[in-house]
Amino acid sequence: MGKIIDGRRQFSDERFEQLRVSLERAPEICADKACIYATGSFGRREASPHSDLDLFIVSLSYDRDGVDWSYLSKLNEILLKAELIRESMRLKFPEFSQDGRFLQHHTARKLIRSTGNQYDDAENTFTARLLLLLESRPLAGKDVHARIIDDVIERYWREFPDYSDRFMPAYLANDILRYWRTLCLNYEANTS
């Protein structure tokens, strides 16, 4: 069993690195304003030749008059997605699921502000946030990726400064449990 796991880890690392190195413009476009991270089998380092890429783009943002504005322009988002699609095809990764439906761009503020709100599931921010915390691996924008993780974790601790010595991260634990229950339900629905 150890050889299988080691083989998957090595395969994942090699393919991930091939893709990372092939992205010529992504590091420049992301710079200090966005990141691209892999989740799924490549994030967990257990990919096989049949594994597709599960990628998210998350940018830093700011609030202007109550509107969330991304530091990553719409045109740069399109350029990032185009490069990801082109290079994944060139390197013969399986096509993105559902014609790229899940290759999404979120802002960090939206990931954080949507925590627990009614749109968290519908806008896929719940999944993007939990995968960021549980199994993400930065493809571009490593420093931004680390900063966003810190900001998301801080959100789960935001209301408890007076209780930091005895604080239990129940809200975070609940979201993780909810995420795994959703995975189990989706698996059951797709296999029955």
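The model is predicted. The protein chain has 8 helices and 6 strands, and from the N terminus on these elements follow the order α-α-β-α-β-β-β-α-β-α-α-β-α-α.

**Overall build**

- For 192 residues, a compact globule would have a radius of gyration near 16 Å, and the 17 Å of the protein chain agrees with that expectation.
- Taken along the principal axes, the box filled by the C-alpha atoms of the protein chain is roughly 50 × 40 × 35 Å.
- Of the 192 residues, 39% count as buried, while the accessible surface of the protein chain comes to about 11600 Å², with 53% of it belonging to carbon and sulfur atoms.
- When contacts between residues at least 6 apart in sequence are considered, 67% of them join residues at least 24 apart.

**Nonpolar cores**

- In soluble globular proteins, nonpolar side chains tend to be buried together.
- The largest nonpolar core here has 23 residues, and the members that touch the most other members are L19, I36, L53, L55, L80, L84 and L139.
- At least two residues of this core come from each of α1 (2–22), α2 (26–30), β1 (34–39), β2 (54–59), α4 (74–90) and β6 (137–140).
- Leaving aside residues up to four places away in sequence, L55 touches I36, Y37, A38, L84, F96, F102, L103, Q104 and L139.
- Another core, of 20 residues, lies apart from the largest one, and its members include F56, V58, L60 and V152.

**Aromatic rings**

- The count of aromatic pairs comes to 6, and one of them is the tilted pair of F126 and Y179, with 6.5 Å from centre to centre and 55° between the planes.
- F126 and Y179 are both buried; Y179 has 8% relative accessibility, whereas W180, at 41% relative accessibility, counts as partly exposed.

**Charges over rings**

- R178 lies over the face of F126, at 3.8 Å from the ring centre.
- R64 is placed over the face of W69, at 4.2 Å from the ring centre.

Terms used: Residues numbered from 1 in each chain as written. Predicted model: local features only at pLDDT ≥ 70, side-chain atom pairs only at ≥ 80, totals over all residues. Heavy atoms only, no water. Core = buried A, V, L, I, M, F, W, Y, C linked by side-chain atoms within 4.5 Å. Buried < 20%, exposed > 50% of the residue type's maximum accessible area, 1.4 Å probe, protein only. Helix = DSSP H or I, 4+ residues; strand = E, 2+ residues; numbered from the N terminus. Contact = heavy atoms within 4.5 Å. Phe/Tyr/Trp six-rings, centres within 6.5 Å; stacked < 30°, edge-to-face > 60°. Lys NZ or Arg CZ within 6 Å of the ring centre and 35° of its normal. Rg over C-alpha atoms; globule rule 2.2 N^0.38 Å. Areas by Shrake-Rupley, 256 points an atom, 1.4 Å probe, with all protein chains shown as cover.
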